[in-house]
Amino acid sequence: MGAGDRLGAGSGAGAGGGTGGADGARKATATGRRGAVDPVKALMHRHRELCERAVDPLEIAAGLEAHGVTDRTAARFRHRDVFSLAEELYARVPRDGEPAPRAMTSARPGARADWAALALLPGALCAAAVAGLRLTDGQPRLAVAAVGALAVALGLRVALRRGPLSTGHRTTSATRAWTCWLIAYALLGDGLLSAGLDGGPDGPWPLATAPLLALALACAPASWCAHLFAVRASRRLTASRGLEEFASSVQPLLLGAFGLFLCTLGALLALCGAALGEPTAYAGAGALGALLLLARLLTARGFTHAPAVVLAVAGAAEATALATVFAGRLPGCSFLATPVETVVDAWGPGAVPALVCGAATLVLLVHSTRTLTRASAHALPCGAT
């Protein structure tokens, strides 16, 4: 009986062992099947080029965000956020050699001083042109105006080629044309509109040189504010651990830099108006300066469509306002000038650019708070920063 008990026990153990082995095999197979399904690997193959050329996980995180991957999407890959997912992708992609870490500052120590000095060039050239206009008359004055306009345009082109407002994206000719029109309206538009409503113009109408000089001088603070925003945003990108956290921390930086520029522009408008003895259209010139700053910030970060559309709409609105005033002189068409006449009678000719550029600025500001707070907008540092 003892031998039988031992035999039975041994047989039971053998049978149990066989059953346990089968169960273990099935569990191992199931585990193997689950382990074989690697969603991160599929994502890595889908974005292999991005992962291979990235110099750090931050660039991968920004690229994933640009492709629509959010923190909620990263949770499906068993990661708490996009930054954690990017770190795994960066670690798993094979590389021939480890790239050098990305520098947060400019490679050349004097680069920042170069663009900071070049940002003063448009203001200096515009001041010289305004002085020449005040010292000349007749035909020489026209020549000085033409040469001064060309010099300021070239100085602005040189200043925007370097620094935080520079862009590798080619600006379309239509965008440049509408920008030039908006600036020309700041110089000529209010005087022409007033003369048109009074039945003229019967001769040369007055030029608003103070707003134009203030806008030219504002190129320097615009570059400095853009540099401040870019540097602080890059630091927040390094410290943040989620896209929503980064966006909520960068939005106050954007609004702060924008507000700082508006305060500086207001001070320049007051200074230029007092120096030239001209009335200063704070609302119109301030709104135009804010519009141009936001448009350039977006363009410098690669978001070119919205600035082009908004600048075109604003320029077309100002051109339409002028056209309706002169079209209202045609027989039976006086009603065309009624809206502009109502606005000018209530708030003056400067209300037209103030309303147009103010509305356009508000649209771009809302758009900027959604686009310039993305990690993908700050993945690659500007050459100037």
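## Reading a predicted helical chain

Q: How many helices and strands does the chain have?
A: You look for DSSP runs, numbered from the N terminus: helices are H or I with at least four residues, strands are E with at least two. Here that gives 17 helices and 0 strands.

Q: What span does helix H9 reach from its first C-alpha to its last?
A: The expected span of a helix is 1.5 Å times one less than its number of residues. H9 covers residues 139-161, which is 23 residues, and reaches 34 Å, close to the expected 33 Å. After H9 comes Gly 163, with a positive phi near 95°.

Q: What share of the residues counts as buried?
A: Buried means under 20% relative accessible area, exposed means over 50%, and partly exposed is in between (1.4 Å probe, protein chains only). Of the 385 residues in the chain, 42% are buried. H9 has some of them: Gly 148, Val 152, Gly 155 and Ala 159.

Q: Why does Glu 278 count as buried?
A: Glu 278 counts as buried because its relative accessibility is 17%. You'll find Glu 278 in the loop between helix H13 (243-276) and H14. Its C-alpha is 7.6 Å from that of Ala 208, though the two residues are 70 apart in sequence.

Q: Which residues does Glu 278 contact, leaving aside neighbours within four places in sequence?
A: A contact means heavy atoms within 4.5 Å. By that rule, Glu 278 is in contact with Arg 134, Leu 207, Ala 208, Thr 209, Ala 210 and Gly 273. For the chain, take contacts between residues at least 6 apart in sequence: 77% of them join residues at least 24 apart.

Q: Is Ser 368 buried or exposed?
A: Ser 368 has a relative accessible area of 0%, so this residue is buried. Ser 368 sits in helix H17 and touches Leu 254, Leu 294, Leu 298 and Thr 373, not counting residues up to four places away in sequence.

Q: Why does Trp 178 count as partly exposed?
A: Trp 178 is partly exposed because its relative accessibility is 28%. Trp 178 belongs to helix H10, and its contacts beyond four places in sequence are Leu 311, Ala 312, Gly 315 and Ala 316. Ala 124 in helix H8 (residues 121-135) is also partly exposed, at 46%.

Q: What kind of peptide bond runs from Gly 200 to Pro 201?
A: That one is cis, with omega near 5°. Pro 201 lies in the loop between H10 and helix H11 (209-217).

Q: How much space lies in the second largest pocket?
A: On a 1 Å grid over the protein atoms alone, a pocket is an open set of points where a 1.4 Å probe fits, with protein on both sides within 12 Å along at least five of seven lines; lining residues have an atom within 4 Å of a point. Points are joined across faces, edges and corners, and the volume is the space filled by probe spheres set on them. The second largest pocket holds about 350 Å³. It is lined by 20 residues, and the closest to its centre are Ala 186, Asp 190, Ala 208, Pro 279 and Ala 281.

Q: Which helix gives the most to the lining of the second largest pocket?
A: That's H10, with 6 residues. Helix H10 (173-197), helix H14 (282-300) and helix H17 (351-371) each supply at least two. The lining divides into 14 nonpolar, 3 polar and 3 charged residues, where Ala, Val, Leu, Ile, Met, Phe, Trp, Tyr, Cys and Pro count as nonpolar, Asp, Glu, Lys and Arg as charged, and the others, Gly among them, as polar.

Technical notes: Residues are numbered from 1 along each chain as its sequence is written. This is a predicted model: local features need pLDDT of at least 70, side-chain atom pairs count only at pLDDT 80 or more; totals for chains, interfaces and linings use all residues. Side-chain values use heavy atoms; hydrogens and water are left out.
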